[in-house]
Amino acid sequence: MDPRALADDVLEMLVLPSFSRIGYDLRRRMFDWERLDRVSLAGRTVLVTGPTSGLGRTAVSELAAMGARVLLVGRDPDKLERTKTELIAWSGNAEVACYVVDLGSLASVRAGAATILDSETRLDVLVDNAGAMFMDRRVSIDGFELSFATMVVGPFVLTSRLLPLLRAGASAAPPSRIVAVTSGGQYTQRLHLDDLQYVEGEYNGPFAYARAKRAQVALMREWARRLRPAGIVANAMHPGWADTPGLAASLPGFREALGPYARTAEEGTDTIIWLAAAEDAGRMTGGLYLDRRRRPFDRIPQTRSSAAARRELWDLVAALSGESPDLD
Ligand SMILES: NC(=O)c1ccc[n+]([C@@H]2O[C@H](COP(=O)([O-])OP(=O)(O)OC[C@H]3O[C@@H](n4cnc5c(N)ncnc54)[C@H](OP(=O)(O)O)[C@@H]3O)[C@@H](O)[C@H]2O)c1
C-alpha cells in the first residue's frame, strides 16, 4: 500500500485533525494535488445551489474564474444579483445567470427548474450545496420538517427536473456530474425511514441536520446507481469544518473552539471544485469524498444502511414529493 495512503487513513480515523485545516494541509502536501485553477471549464455549465454565502459563494467564484457558465440558484433575488455583479467584476466572466429557488418549497423548486429548462441548453455539473441547521422544529410550506425539506426533498425534485439538461452532456467526455455537499455530521445518525421528519422524540437541531445529510448521501448513492446507464456520475463530499457564515450562525461555540484550526472557505470548497472539474473525478461515481480521497460512508456500525433501505428512502421521497424521476 502507498505509505501516503496509509498515513491518510490513520489521519482520517482521528476525526479532529482530519476535519480541521491540519488534515487539509497535510493531504495537500502529501499528495501533491493538481492545481485546479489551471483547469479550463470553458464551454461547460455549472449550477450551484446556495451560492450567496460560505462554500457556495467561494465555489462560484472559482468556477467562474475557470471559465464555466455559472448558474446561481438561491432563494433571495437581491443576494443573487449582488453575487452575480461581484462575480462578474472579480472573474471577468460574464457568463453568469441567476435563478430564484427556495429549496424548502416544492412549488418554488418546480417553477425554478422550469425556468432553467426554458433558458439553458446544457448542464454539465449540478452542485447541491445549499443547507441550513434549524435549532427548533419548523415545517415547510408543504408540511415537511424544514431540514428534510431543504436538504432532501427540494434537491431531489430539482435534480429530477433537470435530468434532461444533465443528459445532454452525459455521453461527452467528461460526463455530466452531480456533487452533493454533505457533512461529517451524517456519520452520527442512521437513516430514520420510520420517522423521516423527526416527529418522534424531542427535536434536536444538529441531529435533524445530520439525519437530513445522512438521507442526502443515501439518495446520492441511489442517483449514482440509477444514472450509471445514462453515463451521469454522482458523488458526495464533506468539507470538514470550514469557517463560513453558516458555521458561525449555527454552531458559534464550536466555531470559537476551533479557532485557527477551522478551514477557510477555500479549503472547505476544494473537493467540490475537484469533483466538478478534475478529469479523474469524472471517472468515479457513488463515493463520499473528503480532501480528494474516497472515505467510508459509515464510522459507526449501527448507522450503516442496506441497499434495500436506500431504495426504500428513494421511494418514500418520491412519494412525498410526487416526483418520479425519468431515468430512461
Ligand atoms: N461550513 C462547514 O463547516 C460545513 C460543514 C459541513 C457541511 N457543510 C455544508 O456545506 C453547505 C454550505 O454551507 P456553508 O457553511 O457555506 O453555509 P452558509 O454560509 O450558511 O451558506 C448556505 C447557503 O445555502 C443557502 N440556503 C439555505 N437555505 C436555502 C433554501 N431553503 N433555499 C435556497 N438556498 C438556501 C443560503 O442562502 P441565503 O444566503 O439566502 O441564506 C446560502 O447561500 C451546506 O450544505 C452545509 O450543510 C458546511
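The following legends describe close-up views of a predicted model.

**View 1. The eight-stranded open sheet of the predicted model.** The strands of this open sheet follow the order β3-β2-β1-β4-β5-β6-β7-β8, and their pairing is mixed. From one strand to the next, the twist averages 25°.

**View 2. Strand β2 with its partner β1 and the helix α5.** Strand β1 (residues 45-49) and β2 run parallel and are joined by five bridges, and Val 46 stands opposite Val 70 in β2. Five of the six residues of β2 are buried, so this strand is largely enclosed by the rest of the structure. In general, strands of a sheet pair through backbone hydrogen bonds, in either a parallel or an antiparallel manner.

**View 3. Packing of helix α7 with helix α9.** The axes of α7 (residues 146-161) and α9 (residues 205-227) come within 7 Å and cross at roughly 20°, which makes α7 roughly parallel to α9, because angles under 35 degrees count as roughly parallel. The crossing in which α7 passes α9 is right-handed. On the α7 side the contact involves Ser 147, Phe 148, Met 151, Val 152, Phe 156, Thr 159 and Ser 160, while α9 contributes Ala 208, Tyr 209, Ala 212, Lys 213, Ala 215, Gln 216, Leu 219 and Trp 223. Sorted by class, the residues of this contact of α7 with α9 are 10 nonpolar, four polar and one charged.

**View 4. Packing of helix α1 with helix α3.** Helix α1 (residues 3-13) packs with helix α3 (residues 21-31) at an angle of about 175°, their axes lying 11 Å apart, and this angle makes α1 roughly antiparallel to α3. The residues in contact are Arg 4, Ala 5, Ala 7, Asp 8, Leu 11 and Glu 12 of α1, together with Gly 23, Leu 26, Arg 27, Met 30 and Phe 31 of α3. This contact of α1 with α3 divides into six nonpolar, one polar and four charged residues.

Definitions and conventions: Residues are numbered from 1 along each chain as its sequence is written. This is a predicted model: local features need pLDDT of at least 70, side-chain atom pairs count only at pLDDT 80 or more; totals for chains, interfaces and linings use all residues. Side-chain values use heavy atoms; hydrogens and water are left out. Axes are lines fitted to C-alpha atoms, for helices over the stretch in contact, and angles run from 0 to 180 degrees between N-to-C directions. Helices (H or I, at least four residues) and strands (E, at least two) are DSSP runs, numbered from the N terminus. Angles under 35 degrees count as roughly parallel, over 145 as roughly antiparallel, 65 to 115 as roughly perpendicular and the rest as oblique. A crossing is left-handed if the near helix is turned anticlockwise from the far one by less than a right angle, and right-handed if clockwise. Contact means heavy atoms within 4.5 Å. Ala, Val, Leu, Ile, Met, Phe, Trp, Tyr, Cys and Pro count as nonpolar, Asp, Glu, Lys and Arg as charged, and the others, Gly among them, as polar. Two strands pair if DSSP finds at least two bridges between them. Buried means under 20% relative accessible area, exposed over 50%, partly exposed in between (1.4 Å probe, protein chains only).
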